[in-house]
Every structure is written in C-alpha cells, then in structure tokens.
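Good morning, colleagues. I would ask you to keep the sequence and the model in view while I speak.

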Amino acid sequence: MNPLTLHPIHIENKDFVELHKILKSYQSQKIFLLIDENTKEFCLPFLRTKVLAFKMIVIEIKSGEINKTIRTCETIWEQLLLHQANRNSLLINLGGGVLTDIGGFVAATFKRGISFVNIPTTVLGAADAAIGGKTGVDLAMYKNQIGVFTKPEAVIINSGFFKTLPIRQVNSGLAEIIKCALIANNDLWNVLRERHVLQIMDWDHIIHESVRVKMDIVSRDPLEAGERKLLNFGHTIGHAIETYSLRNDDDALLHGEAIAIGIICESYLSVKKISLTENDLNEIVKYIFNHYHSYNLLPESIEDLIELMVQDKKNTDEQINFTLISRIGKGVIDQFVNLELIREALNFYIRYINTTD
Ligand code: NAD
C-alpha cells in the first residue's frame with residue numbers, strides 16, 4: 001500500500017452512494033463494522049437504514065482514549081480471526097478519532113493488511129483524525145506510540161452524525177478547523193467568524209474546506225518530512241497543556257480545548273516572532289473565547305509546561321520548534337522560539353483570563 005497516494009474522501013449526506021459502491025464491490029466477501037457503545041446507540045441505527053442490503057459482522061469496543069491500546073486491537077484481531085476474516089475482507093470504522101485510529105491500525109496489520117473505510121462520527125474525526133493516513137494506539141499512557149501510515153479505501157463523511165455530539169465535543173473538533181483556516185485558508189476564517197458554532201448549519205462546506213487544507217498539505221508531505229509540520233500550529237503548547245490537564249485535572253480538557261489555548265499562545269508568539277498583527281491576534285483571541293471556557297492556567301504550572309515541551313525530541317534545552325502564522329491564512333514552519341518568550345506567551349493567556357473574568 002502506497003501512503004503517497006491520496007485516499008478518496010466523500011462528503012455525502014443523503015444516500016451514501018459511494019459507500020454503497022464500495023460495499024457492493026465487497027458483497028461476496030466478509031464485511032466487518034467496528035463500533036463503540038456510543039456509535040452503537042447514536043450512529044448505527046441511521047447507518048443501518050442506509051445499508052440494509054449488506055450483511056455486516058459487528059465488532060464492538062469500549063470508547064475512550066484509555067482504551068486506545070494494543071489490548072483493544074487484540075480483541076478486534078481475535079474477532080476477525082473467529083469470523084474467518086481474510087485478506088479480501090473489509091473493515092468499516094464507525095466512530096470518532098479513537099475508533100478510526102484503532103480500526104485503521106488493526107486493518108493495516110491484520111494478515112499484513114486488509115482494506116478499511118472510515119466513517120467519522122465526530123467533528124474532530126471528520127476534520128482531522130479519519131483522514132490523512134495516520135493510525136495507531138497509545139503505549140503506557142504515551143499517545144500514539146505504536147502505529148503506521150496507511151490509507152483507507154475511502155473516508156465517508158456525513159455531518160448528520162454530529163447532531164448527537166455534546167457541545168464540548170463539537171468545539172473540540174472546531175479547534176482543528178480553526179487551525180486549518182489560520183494556517184492556509186483565510187476565506188474559511190471569514191466564514192467561521194461570521195457565526196457562532198451553534199449556528200453553523202453548513203458543516204459540509206466548513207468540513208470540505210478544512211479537509212482540503214489538510215489533504216493539500218498531506219499530499220505534498222505524507223510522511224511529515226517538512227511541510228506537514230504546518231498542521232502543528234497550536235499543538236506545541238496545546239499538547240503540553242493537554243498532557244498537563246490529563247495529569248492534574250479531574251475533568252481534563254479535551255484535545256481541541258487544549259489546542260484552542262495553544263492557538264492563542266502561538267498566535268501571540270506569531271506577533272512577537274514574525275509578522276502577525278496585534279489586530280489579527282485580538283480577532284483570534286476573541287473568537288476563541290466566544291467558543292471556549294477559559295482554563296484556569298496558574299503561573300505555577302508554567303515551568304511544568306515548559307518541561308513537557310522540552311521533552312519533545314524535536315526541541316533543544318534552549319529553543320522549541322514551532323509552526324507560527326505570518327498572517328491569518330499563512331502558516332510558517334521551523335520557527336525556533338526561546339523559552340523566555342514561551343513563558344511570556346503563557347502569561348499572555350493567564351493575564352487575559354484574569355482581566356476578562
Ligand atoms: P473520541 O473518538 O474519543 O470521541 C469522543 C466521544 O464521542 C467518544 O465517547 C465517542 O464514543 C463519542 N461519539 C462518537 N461519535 C458520536 C456521535 N455521533 N454522537 C455521540 N457520541 C459520539 O474523540 P475524537 O475527538 O473524535 O478523537 C480523538 C482521537 O483522535 C485522539 O485519540 C487523537 O489522538 C486522535 N487523532 C488522530 C489523528 C490522526 O491523524 N490519526 C488526528 C487528530 C486526532
């Protein structure tokens with residue numbers, strides 16, 4: 001399987017025409033459907049009405065990052081074996097990013113690789129996790145340590161699935177869309193800032209534009225040798241905050257909630273290091289605070305966050321490698337920032353929440 005070639009992505013909200021075509025081509029083979037308890041309740045009934053004609057063997061796993069492990073993969077591999085899956089079988093992954101990461105990895109490794117289709121059911125899945133070919137699981141609480149680059153047969157996006165998502169999950173996915181707009185799509189940014197997410201009816205357009213940004217970048221750099229680093233905007237500080245929150249908070253931040261904070265801090269760095277204007281910074285900060293609660297980041301946590309960033313192998317003791325934005329819609333990779341300026345960016349966030357609360 002060549003990860004350098006792109007996989008098709010279909011946004012289809014009505015009759016799943018493309019999905020039908022794929023299922024038809026596997027009709028004489030075994031088709032498996034991977035779900036978790038939430039997609040079983042909220043997404044499977046709708047999907048079933050659309051693909052009644054096809055027989056599928058359902059495999060259910062437990063939701064949650066905590067289950068994104070090799071142990072869960074083993075249970076799926078065992079089920080596939082039990083039901084005599086072979087190299088011609090098809091696995092359909094119906095779920096959020098956790099499920100498509102696991103399902104993609106399971107498919108890529110079972111009998112050296114079977115075909116799979118991702119049907120993302122979260123905003124984050126549709127905008128990011130289910131597309132682009134990265135799959136994998138966590139190891140000993142470290143994220144995505146085991147995995148492969150691979151290629152789904154297709155990704156089928158139906159924004160109707162988002163209706164049953166809690167608003168925090170919707171906003172978590174929105175952060176990746178905001179990121180895509182800020183690094184490469186000024187028009188998308190203008191669409192986003194026109195309305196509050198709760199009023200966004202046209203998910204299809206927004207997802208389409210955001211997917212286009214990601215896939216343009218991934219097609220030029222599928223294995224993250226250079227340009228794909230653009231997608232890291234907001235993630236250097238965001239990941240440190242996500243890990244910090246997971247370790248310290250009872251009700252930890254979701255991935256996108258942490259990335260939204262990362263976007264604020266890294267936009268601040270973009271003003272200080274390159275050419276983002278103060279006006280654009282204010283616009284970004286205002287937009288994010290319209291959608292996300294402020295996170296009570298304490299000055300005492302700054303050194304822990306710096307430590308988490310320094311631990312990342314791409315960085316040195318003195319400087320951290322960032323992707324920044326020179327203006328709204330233009331990301332710039334390989335911007336090395338000293339630790340003092342990073343402290344300043346975190347303090348910018350802290351100051352902001354304390355003056356607006
Ligand atoms: P998730 O997969 O944990 O889903 C969030 C929750 O929503 C889960 O409880 C899930 O069961 C439930 N759910 C899913 N669809 C639903 C629906 N339609 N209605 C109601 N509930 C529903 O979280 P996520 O944000 O989708 O994905 C996060 C994961 O994605 C992380 O593990 C992250 O590492 C991964 N990820 C991967 C990539 C990649 O390129 N492979 C990129 C970004 C993120």
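This is a predicted model: local features need pLDDT of at least 70, side-chain atom pairs count only at pLDDT 80 or more; totals for chains, interfaces and linings use all residues.

Helix H5, residues 97-109, and strand E5, residues 115-120, each contribute at least two residues to its lining. Sorted by class, the lining residues of this cavity are four nonpolar, four polar and two charged. The general idea behind such a search is that rolling a probe the size of a water molecule over the atoms shows where empty space is left.

Strand E5 leads us to the sheet. E5 runs parallel to strand E8, and two bridges join them.

Which way do the residues of E8 point? Ala154 and Ile156 point one way, Val155 and Ile157 point the other way, and all are buried. In a regular strand the side chains alternate between the two faces of the sheet.

I turn now to helix H7, residues 167-184. At 1.5 Å a residue, its 18 residues should span 26 Å, and the end C-alpha atoms are 26 Å apart, which agrees.

My next topic is the aromatic residues, for which the structure holds nine pairs. In one of them, the rings of Phe46 and Phe161 have their centres 5.8 Å apart and their planes at 80°. An angle over 60 degrees counts as edge-to-face, so this pair is edge-to-face. The pair links distant parts of the chain: Phe46 belongs to helix H3, residues 44-50, while Phe161 is in the loop between E8 and H7, 115 residues apart. Phe46 is partly exposed, at a relative accessible area of 32%, whereas Phe161, at 3%, counts as buried.

Another edge-to-face pair is formed by Trp189 and Tyr287, at 5.2 Å centre to centre and with 65° between the planes. This pair too links distant parts of the chain, with Trp189 in helix H8, residues 186-194, and Tyr287 in helix H12, residues 278-291, 98 residues apart. Both Trp189 and Tyr287 are buried.

Finally, I come to the second largest pocket, which holds about 320 Å³ of space. Of the 19 residues that line this pocket, Arg168, Glu257, His291, Tyr292 and His293 are the closest to its centre. H7, helix H11 (255-273) and H12 are the elements that give two or more residues to the lining. Which element gives the most? That is H12, with four residues. By class, the pocket lining divides into ten nonpolar, six polar and three charged residues.

Thank you for your attention.

Methods
Residues are numbered from 1 along each chain as its sequence is written. Side-chain values use heavy atoms; hydrogens and water are left out. The expected span of a helix is 1.5 Å times one less than its number of residues. Rings of Phe, Tyr and Trp (its six-membered ring) pair if their centres lie within 6.5 Å; planes under 30 degrees apart count as stacked, over 60 as edge-to-face and the rest as tilted. Buried means under 20% relative accessible area, exposed over 50%, partly exposed in between (1.4 Å probe, protein chains only). On a 1 Å grid over the protein atoms alone, a cavity is a set of points where a 1.4 Å probe fits but cannot get out, and a pocket is an open set with protein on both sides within 12 Å along at least five of seven lines; lining residues have an atom within 4 Å of a point. Grid points are joined across faces, edges and corners, and a volume is the space filled by probe spheres set on the points. Ala, Val, Leu, Ile, Met, Phe, Trp, Tyr, Cys and Pro count as nonpolar, Asp, Glu, Lys and Arg as charged, and the others, Gly among them, as polar. Two strands pair if DSSP finds at least two bridges between them.
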